[in-house]
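Dear colleague,

I am passing on a structure that I have been looking through, and I would be glad if you kept it open while you read. My notes on it follow below.

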Amino acid sequence: GIEQSFAQSLKLMKKNINEQSIGTNEAILALNHYLCVESESLLKEIFNKLERRECRKGFVLLAAGDVVDTVYLLVHGDFTANRYVREEMDMQWKHDLDNGVMVGLASMILRQRQLLTVRCVSNYAVVYALSRENYDTLVEESPRVAHILDLALAQTLSIDLRMMSNRLYT
């Protein structure tokens, strides 16, 4: 649907961009798409709390079982999410993640352990990180930003529930 076409558009756009120039505009576009922020000032308020990070193939953004203290907005590159069977540590399933997705939000807000391992699988990638400290500051300073992040969490949980239901009943 819309999320896939957005991710495909970003991937096509990124092929023509030099690695060093990947940054602010893409991140703002992705953040706005993910959070559906109507106010430019609120979008800037959130964006200013994000930190640009580069990563390389094999880098683990989030590890299953860890306490999450940073949320990542995937902006450029290829990423996978893996779920492991705890007893055997064999990979149970693998899913490619689209750019424009924020990972770790539910685990950080709900203060739960991460269920999936999220790994960079491209030679070069760019993410924007929101630390727990910056998240707490945003929520404290702006109830409107807190509401936006809570809505994003609700949407994420709703999509996860639908995906799980589809697997169980199809």
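Helices α2 and α3 cross with a right-handed sense, where right-handed means that the near helix is turned clockwise from the far one by less than a right angle, and left-handed that it is turned anticlockwise. This is a predicted model, in which local features need pLDDT of at least 70 and side-chain atom pairs count only at pLDDT 80 or more, while totals for chains, interfaces and linings use all residues. Residues are numbered from 1 along each chain as its sequence is written, and side-chain values use heavy atoms, with hydrogens and water left out.

The axes of α2 (residues 24-35) and α3 (residues 40-47) come within 10 Å and cross at roughly 115°, which makes α2 roughly perpendicular to α3 (a term for angles of 65 to 115 degrees). Axes here are lines fitted to C-alpha atoms over the stretch in contact, with angles from 0 to 180 degrees between N-to-C directions, and helices are DSSP runs of H or I of at least four residues, strands runs of E of at least two, both numbered from the N terminus.

On the α2 side, the contact (heavy atoms within 4.5 Å) is made by Thr-24, Ala-27, Ile-28, Leu-31, Asn-32 and Leu-35, and on the α3 side by Leu-43, Ile-46 and Phe-47. By class, this contact has seven nonpolar, two polar and no charged residues.

Phe-47, in helix α3, counts as buried at 12% relative accessibility (buried means under 20% relative accessible area and exposed over 50%, with a 1.4 Å probe and protein chains only). Leaving aside neighbours within four places in sequence, Phe-47 is in contact with Thr-24, Ala-27, Ile-28, Leu-31 and Tyr-128. Between Phe-47 and Thr-24 the C-alpha to C-alpha distance is 8.9 Å, at a separation of 23 residues in sequence.

A search of the whole structure finds one aromatic pair (ring centres within 6.5 Å). The rings of Phe-47 and Tyr-128 have centres 5.5 Å apart and planes at 35°, so the pair is tilted, the class for planes that are neither under 30 degrees apart (stacked) nor over 60 (edge-to-face). This pair links distant parts of the chain, with Phe-47 in helix α3 and Tyr-128 in strand β8 (residues 125-131), 81 residues apart. Tyr-128 is also buried, with a relative accessible area of 4%.

Finally, Arg-111 lies in the loop between α4 (105-109) and β7 (117-120) and counts as exposed at 56% relative accessibility. The phi of Arg-111 is near 55°, a positive value in a residue other than glycine.

Best wishes

Methods: Parallel < 35°, antiparallel > 145°, perpendicular 65-115°, else oblique. Nonpolar A, V, L, I, M, F, W, Y, C, P; charged D, E, K, R; others polar. Phe/Tyr/Trp six-rings, centres within 6.5 Å; stacked < 30°, edge-to-face > 60°.
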